[in-house]
Amino acid sequence: MQWQSKAGQMAFSGLMLALTLVLSYVESLLPLTIGIPGVKLGLANLAVLLTLYASGWRMALGIDVLRVVLSGFLFGNFAAILYSMAGALVSFGVMVLLKKFRFSMSTVSIAGGVFHNLGQLVVAVCVVENIHLFYYLPWLIVAGMITGALIGIVARVTWRYVNRMWQEA
C-alpha cells in the first residue's frame, strides 16, 4: 500500500507493533500444552503477515524484530529472545520469498510457521549441543503447519476487510 504521508506510514507501523505486543501478551496467557516444548500459536505473526502484504518487507521486518525484542523483555527472558529471533528471521525470509513468487497468504503463513519452528530447533541443538533434539522435527513441522494454517486463514479473512476499508476511505 502506498502511504499518503510519512505520518500515515508511522501510524500504521506503530499500530501493527502494538498489535504484535498485545497478541504476544495474550498468547503468553494461553495455557497451550500439547507435549511439544516451545509450541505456540504464533498470534503475533498475524500482524507481521498483514504488514508484509500491506507495506512490504522492510516495515514488516522492523516490526518483527522489534516484536521479538520487546516481547522478550516484557514477557520472557534473553533465551526467549534468542530462540524467537532465530525463528522469526528464518520464517520471515521464507515468507518474503514465497510472497515474491505469489504464493497464497495461507501458504506463506504455513511456511512461516514451519520455518519458525525449524529456526528455533537449530538454535536449541546448538545451545544444548544435542543433535537428538531433531527427533522433535516431525512434530514441529506438523505443529507449524497447523498453527500457520490457522493464522493464514485469519489473516486472509482480515485482509479482505482491511482492503475493503482502505478502498472506501
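**Ground rules.** I am working with a predicted model, where local features need pLDDT of at least 70, side-chain atom pairs count only at pLDDT 80 or more, and totals for chains, interfaces and linings use all residues. Numbering starts from 1 along each chain as its sequence is written, and side-chain values use heavy atoms, with hydrogens and water left out.

**Entry 1, helix H2.** I began with H2, residues 45-55; helices here are DSSP runs of H or I, at least four residues, numbered from the N terminus. Buried means under 20% relative accessible area, exposed over 50% and partly exposed in between, with a 1.4 Å probe and protein chains only. I listed the buried ones as Leu 46, Ala 47, Val 48, Leu 49, Leu 50, Thr 51, Leu 52, Tyr 53 and Ala 54. They pack against H1, H3, H4 (78-100), H5 (105-128) and H6 (137-168), a contact being heavy atoms within 4.5 Å.

After H2 comes Gly 56, and I noted its positive phi, near 95°. I also found the charged end of Lys 99 over the ring of Tyr 53, 5.2 Å from the ring centre. The test for that is NZ of Lys or CZ of Arg within 6 Å of the ring centre and within 35 degrees of the ring normal.

Which residues form the nonpolar surface patch? I wrote down Val 22, Tyr 25, Val 26, Leu 29, Leu 30, Leu 66, Leu 70, Leu 74 and Phe 75, with about 790 Å² of accessible area together. H1 (6-29) and H3 (57-75) each supply at least two of the patch residues. Leu 29, in H1, counts as exposed at 53% relative accessibility.

I counted two aromatic pairs in the structure. One of them is Tyr 25 with Phe 75, tilted, at 5.3 Å centre to centre and 40° between the planes. Ring centres must lie within 6.5 Å to pair; planes under 30 degrees apart are stacked, over 60 edge-to-face, the rest tilted. This pair links distant parts of the chain, with Tyr 25 in H1 and Phe 75 in H3, 50 residues apart. Tyr 25 is partly exposed at 40%, and Phe 75 is partly exposed at 34%.

Conventions:
Patch = residues over 30% accessible without salt bridge, like charges linked within 9 Å, V, L, I, M, F, W, Y side chains within 5 Å. Areas by Shrake-Rupley, 256 points an atom, 1.4 Å probe, with all protein chains shown as cover. Salt bridge = Lys/Arg side-chain N within 4 Å of Asp/Glu carboxyl O. Phe/Tyr/Trp six-rings, centres within 6.5 Å; stacked < 30°, edge-to-face > 60°.
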